[in-house]
Amino acid sequence: MLTGSKNTFKVRQMGPDMKERMLNQSMTTAAARGRDVFGLRCLPGECVLQRAVMVRKKLTAREGRGWLSGTLFCTPFRVAFVPQDAPKADDNAEPLLLGDHDIALASIEKVVVVGPNRTKLVSPNSSLKFTPEELVLYCRDLRVVCFLFDRLTPDAQVVEITHSIAKTYQPLKAGSLLAFQNAALGSVEMKQFLSNRRRDAHMNWHESASDWERELERCGAGGWRVSSVNDRFEMSTSLPRFIVVPQKVLDTELKKSFAHFNDGRIPRWCWRHPRGSDLLRMSSFQNNIYHEKDDIRNLELILFGCHSSLCVVVELGEELPSPADIQLAHVRLRALCLGDISTSVTVPDDKWLSTLEATHWLDYTRCCLKKASEVACLLRSGHMTVALQEAEDRDLSCVLSSLVQVMCDPHCRSREGFQSLLQKEWVTAGHRFHTRANFHRHNDKEEAPVFLLFLDCVWQLWSQYPSRFQLTDDFLLALHDSAHLPLFSSFLANSQRERCRRSQNQGQCYTPVNGWREPLPPDVGVEPPDPPLPPVWDWSLQYSEQRQAAFTQPVPRTPAPPPLLNGNLNTHVDAQRQSDAPPGSVFLLSRGVFSCPANLLPWRGGGAGGVASISGVYRKSHRRAPSSESVSGLERLLKACSPAEGPPGPKPDPYEPLLPLLMGPCVGLWRECYHRGALHAQAFSHPLSANHRHPLELLAGEVRHLQERLAQARLAGADAAHANLNNNANNGTFLFPKSHGAAIAAIAAAHKAPSAAIVSAPAPKDNANKHTFLFGHASDARPGRNDSKVAKS
């Protein structure tokens, strides 16, 4: 700040533009040192473009509703809001990329301003002919953030910060993502800070051979080994450096098998069930490849793994939605849940549920859960290998393999276990995060939120079995929001090879013609390297310790599975049919039915050349199992997974699969995710002119009021119902349990119904726990399902 009489006179003679430039220069200088700028804790190298004082932010239901006063900032990286009563940030504390009230510019999808009787969609080239009263930010992660400008806020600040946000948020063009990443992580101080970060030692990253050996030991998977045949990504550019294959297959024999599968994604081990079954993943076969006798033998050894009796190939292409279907459903879901105050298109309340059904998002969620349940039942029922086959093995196979392990493995339902699962089945396995998220806007046709569909499926399981999960819905919501933020290496590459090249800016590159070669000299014109991107699992960069504490909840420790002996591998009733099958039988599970078609495997077709001559050798061993057509596959699977007859044990088996309820009302909408911006976008947001509440808020208030009335009626009528039980215990006919008779009487009294029309009679004590009533049932009487509940949409 200038001091002295002469300098003070110069400041007074300056115009408003010169004062603003000096203010920005001083803020930039302070931000370069990482200090506070008008209460905003800037990141190292971050500068403030514009600010607006006396701004109110509308709080969500999780934040307590209402309005919060403070100052709004715009930087090249984020839109930050600092409340008035916020505590002063500690200079020694580690920097947070995003605070509780911050929005990353790259996550903003559009900017809408509200003025006197008008709304306008603001673009980088828009001109405002009115002073906005409200600023509404629509985000890619389904959030809608609303800011209200006070009457005392200078009009110049309102217009300038609106233009700054509209010009600096992520535009829909290629090549702008790197500028956003450099604004957040490109400073020298931030690079040094990120390079000193330590990884979480409690989770398995599945990036080295020791990590995979640790996973094999945890699952007790004998007969498998870690192969480094793809260490330099020469066999497959999309597979990880290390894969798990049978011990009896040598690397020299393994190299001949990559060419028989799309993109070289051969069958590889993912997980072992405690009962002895192994889960594999693979892509489709290459039909135009010449199959020699040794190739067929190697393919069989890989496919059957350490088992020799049975292999089931689960085809995922026919029953599950395609990525294009998932993208279309998600676009429709966004339009339904968010709405848009800049347009007049709205969905009537009486057609909202039918419109939700027409999006097919819940149908696709139910379809994935159903298929995962079938695979989980297969793994539980016997000693076999189950191979998930998808055309490219990079989308729906990630969803199914992860869901199966969440259903069957309690370790995957913990925070560290779930993070390790995503590292194994998504990050290193080669899910195309970069293509499916489409941050660069290179190809809109390839965009598909496959990972978000998986998170929705996990939330459905969590909502029905909350006590079986250590992780909470807050953790799933944080993961959902992080997937829309292009700042983490976990979600910004299509394979481990691309991720290694980005982390090693001067690493070698591989081309099919020239092979591996050294990088170009520094003077050759190449694209600037990406800044060091942290993994998404470093939650302290995004959330405070208080927010991270809500990611987990205490759950009982799961005992280790008992060791498998030779005599108890196939003890299930349904396993007797499997043991009768000849060694080497391969079945196809498609649409809930087992079959063994002639074109399932490349050696079954009897084509030309050597394939025809050797196909007869294996045709006898791969025949159809007896009576596999007479029984429905889904019915047999559910029967195989049902508990054995006899008295129930003291505790349910923790390794029994969590089979979700798939009926219509049981698969609900993830309201905490999809509905958190609905009221912001559609309700009257101005606190002074909002004389009417939104219909959804009115309906929610009526439901809460009715719940309170029912609770009061139960407490008030408990004594009367107990007396009625004593008077009619000998020869009475009961229609309602005692806990509901008084409640129904209270409801009838509230509607002025005649007292003679109320039949109040409790059920006998012996049958109190054997019936499930429509209203207010305490728990599910079925064994092993005490923690399930219906997720209401």
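**Ground rules.** I worked on a predicted model, where local features need pLDDT of at least 70, side-chain atom pairs count only at pLDDT 80 or more, and totals for chains, interfaces and linings use all residues. Residues are numbered from 1 along each chain as its sequence is written, and side-chain values use heavy atoms, with hydrogens and water left out.

**Entry 1: the sheet.** I took helices (H or I, at least four residues) and strands (E, at least two) as DSSP runs, numbered from the N terminus. Two strands pair if DSSP finds at least two bridges between them. I looked up an open sheet of eight strands. Its order is β6-β5-β4-β3-β10-β9-β7-β8, with antiparallel pairing. The edge strands, β6 (103–104) and β8 (118–122), each pair on one side only.

I checked both ends. Strand β5 (residues 78–83) is joined to β6 by two bridges. Arg78 has Ala104 in β6 as its bridge partner. Strand β7 (residues 108–115) pairs with β8 over five bridges. There, Val114 is partnered with Thr119 in β8. The hairpin of β7 and β8 has two residues between the strands, and Asn117 takes a positive phi near 65°.

**Entry 2: helix α13.** I used these classes: buried is under 20% relative accessible area, exposed over 50%, partly exposed in between (1.4 Å probe, protein chains only). Twelve of the 13 residues of α13 (residues 415–427) are buried, so the helix is largely enclosed by the rest of the structure. Among them are Phe418, Leu421, Leu422 and Trp426. At the helix start, a side-chain oxygen of Ser414 reaches to within 3.2 Å of the backbone nitrogen of Gly417.

**Entry 3: salt bridges.** I counted a side-chain nitrogen of Lys or Arg within 4 Å of a carboxyl oxygen of Asp or Glu. The structure holds 31 salt bridges.

I looked up Glu425 with Arg281, which meet at 2.9 Å, N to O. Glu425 lies in α13 and Arg281 in strand β14 (residues 278–283), so the pair ties together parts 144 residues apart in sequence. Both Glu425 and Arg281 are buried.

Next came Glu318 with Arg591, at 3.6 Å, N to O. This pair links loops 273 residues apart. Glu318 is partly exposed at 46%, and Arg591 is exposed at 55%.

Last, I looked up Glu392 with Arg432, whose closest N and O atoms are 3.1 Å apart. Glu392 is partly exposed at 41%, whereas Arg432 is buried at 15%.

How values were computed: A polar contact is a pair of N or O atoms within 3.5 Å; within protein, one must be able to donate a hydrogen and the other to accept it, and residues adjacent in sequence count only if both atoms are side-chain atoms.
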